[in-house]
Amino acid sequence: MAEPVTESPEIRVETPEPAKDVDGSRPGQKRAREPIFQLADVTVSYGEKRAVREVTFDIAKHEITALIGPSGCGKSTLIRCLNRMNDLIPSARVEGKVVYHGQDLYGPDVDAVEVRKRIGMVFQKPNPFPKSIYDNIAFGPRVLGMKGEMDEIVERALRHAAVWDEVKDRLKTNAFGMSGGQQQRLCIARCLAVEPDVILMDEPCSALDPISTGKIEDLMIDLKREYSIVIVTHNMQQAARVSDKTAFFTVELDEDEKNRTGRVVEFDDTEKIFTNPTDPRTEAYVTGKVG
Ligand SMILES: Nc1ncnc2c1ncn2[C@@H]1O[C@H](COP(=O)(O)OP(=O)(O)O)[C@@H](O)[C@H]1O
Ligand SMILES: [Mg+2]
């Protein structure tokens, strides 16, 4: 098993600013006891258009945080802020503060490549490389020059992602020969192989059948002992089953009534969101009255 990652990554900023205190800024909101991310007034725009605005909440260590809400409310946009994937979209602009382990993730000295190593991402559609199962896992550790016996690194990652037993006899075969559910666990293993701190998952099960979905959900619950996980899901049962905290987003008309922008309606313990939410819009959504 990989050692749990407990230390802050080597990300330095010249003048670290403390995160804004967000206490009380929204009903039901609490500060995380051990935050890994602190979002304060995060607004993301594509060109002139704001996609999601004024997002403020903390993401706690060793928890699963779910982002839910209707299509187009900015869940993918927001999750991409957490590992600077939006940097790769030329029109995207991030305002506000994303603090990671107490440091500004968008500070001038922060290396976005290092960030994406520490904060891995799994996408909706499994995206293995057109290579062998073994090489899919070994790729990252090789590029990063990680120390250790590669066979062990590969085995550990595949075991960790609960796919080893299914593939151990065909490690040299092409990853495209795996089922969709196995490919997704391979992608999770590929993420784990470089020993990340956080795993971001954007609708990781939406292309999978219910059995594969169940396996990924079990895996997530298992992984949160060592990692912090943020998941976007349109499956509310999934959010209720696996997550500790839930942020419910919706799309609102801006003050000028010209643009529709995603906003967080409510962020709280998952149990509260699903059983006794504070905002009537959350209640309508989680009970399926709107969607
Ligand atoms: N790369 C992009 N360029 C321009 N607009 C985008 C881009 N990605 C998303 N958007 C817009 O941002 C808004 C939020 O999208 P997205 O974050 O994908 O929402 P969700 O994941 O909740 O469905 C939508 O209006 C979408 O059209
Ligand atoms: Mg999305």
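Visitor: What share of the 291 residues in the protein chain is buried?

Guide: Buried residues make up 43% of them. The model is predicted. A residue counts as buried if 20 or more other C-beta atoms lie within 10 Å of its own.

Visitor: What makes strand S7 mostly covered?

Guide: Take residues 198-202, the span of S7. Five of its five residues are buried. The burial cut-off is 20 or more other C-beta atoms within 10 Å, so each of the five reaches that count.

Visitor: How do you know which faces of S7 are covered?

Guide: Go side by side. Val198, Leu200 and Asp202 lie on one side, and they are buried. Ile199 and Met201 lie on the other, and they are buried too. Both faces are covered.

Visitor: Why is S7 said to pair with S6?

Guide: Pairing needs at least two bridges. Four bridges join S6 (residues 119-122) to S7, so the two strands pair. They run parallel.

Visitor: What makes S7 and strand S8 a pair?

Guide: Five bridges join S7 to S8 (residues 228-232), and pairing needs at least two, so they qualify. These strands run parallel. Met201 has Ile231 in S8 as its bridge partner.

Visitor: What makes a nonpolar core, and how many residues has the largest one?

Guide: Members are buried residues of the listed nonpolar types, joined through C-beta atoms within 7 Å. The largest such core has 73 residues. Val98 and Ala189 have the most contacts inside it. Helix H6 (residues 180-193) gives the largest share, seven residues.

Visitor: Which residues does Val98 contact beyond its neighbours within four places in sequence?

Guide: They are Phe37, Leu39, Val42, Cys81, Leu82, Leu105 and Tyr106. Contact requires C-beta atoms within 7 Å, so each of these meets that limit with Val98.

Visitor: How many residues around ligand 1 are nonpolar, polar and charged?

Guide: Four are nonpolar, seven polar and one charged. The shell includes Tyr46, Ala51, Lys75 and Gly262.

Note on methods: Residues numbered from 1 in each chain as written. Chains lettered and ligands numbered in written order. Predicted model: local features only at pLDDT ≥ 70, side-chain atom pairs only at ≥ 80, totals over all residues. Near = placed C-beta within 6 Å. Nonpolar A, V, L, I, M, F, W, Y, C, P; charged D, E, K, R; others polar. Buried ≥ 20, exposed ≤ 12 C-beta atoms within 10 Å, placed from the backbone. Contact = placed C-beta atoms within 7 Å.
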